[in-house]
Amino acid sequence: MSLACSRSFFFMVFLAGSLALGVSYYLEYAVGLQPCGLCLLQRISLAMLTGVCLMASVHGPGRLGALLYWLLGLMAALAGTVTAWRQVLLQSDPAKQFATCSANLSDVFAITPWTHMMQQLFAGTADCGRITWTLFDLSIPEWSLLFFLAMTILVVCQMLQQVWTAFQRPLSGESSPPALAGD
């Protein structure tokens with residue numbers, strides 16, 4: 001796999017992430033849907049994935065650098081996958097009652113330490129369990145989960161391709177293996 005191919009994959013993931021971020025901002029500001037805490041965590045994960053892929057596509061790293069960028073992208077995609085999965089689980093049990101009601105997010109950010117705040121956001125509130133908008137009978141967290149799963153699979157495939165290509169190359173000083181007639 002050439003480095004130009006890796007660079008174009010980074011750019012495609014950047015475009016997909018930018019489109020998804022644009023849709024989330026459109027739903028918030030044009031449609032009027034207010035994001036809950038888990039939605040904000042998913043948006044942060046998506047912004048990190050998009051930013052890493054933008055840096056990688058502009059940078060055009062070598063083999064090791066591309067692997068490191070893909071590893072950073074994998075961490076962001078996995079964080080988004082776990083957060084979206086948690087919100088889908090909260091939405092799948094509508095009978096579950098939440099013990100605490102939803103606090104104002106600016107108040108939560110101002111008065112609590114960030115570790116407790118992350119636990120509170122990940123635990124979910126009544127806002128996280130409410131389905132306010134669907135497309136093709138899938139809620140926003142379900143679409144988000146599908147997107148993050150697709151990005152995780154793409155990133156893992158790219159990392160495996162990078163590793164496979166690295167093991168196929170001969171060590172310096174050795175000659176290349178002879179080409180077969182079927183190649």
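Which residues form a nonpolar patch on the surface? In this predicted model, L64, L68 and L71 do, with about 300 Å² of accessible area together. Patches are built from residues with over 30% relative accessible area and no salt bridge, joining like charges within 9 Å and nonpolar side chains (Val, Leu, Ile, Met, Phe, Trp, Tyr) within 5 Å. A salt bridge here is a side-chain nitrogen of Lys or Arg within 4 Å of a carboxyl oxygen of Asp or Glu, and areas come from the Shrake-Rupley method with a 1.4 Å probe, with only the protein chains shown counting as cover for residues. L71 sits in helix α3 (residues 63–92); helices are DSSP runs of H or I, at least four residues, numbered from the N terminus.

At 39% relative accessible area, L71 is partly exposed, a class lying between buried (under 20%) and exposed (over 50%). W143, in helix α7, is partly exposed too, at 33%.

Helix α7 runs over residues 140–168 and spans 42 Å from first C-alpha to last, close to the 42 Å expected (1.5 Å times one less than its number of residues). Its buried residues include L145, F148, M151 and V155.

As for confidence, pLDDT (the predictor's per-residue score, from 0 to 100) averages 75 over the protein chain, and 65% of residues reach 70 or more.

Residues are numbered from 1 along each chain as its sequence is written, and side-chain values use heavy atoms, leaving out hydrogens and water. Local features need pLDDT of at least 70 and side-chain atom pairs 80 or more, while totals for chains, interfaces and linings use all residues.

Definitions and conventions
Helices (H or I, at least four residues) and strands (E, at least two) are DSSP runs, numbered from the N terminus. Buried means under 20% relative accessible area, exposed over 50%, partly exposed in between (1.4 Å probe, protein chains only).
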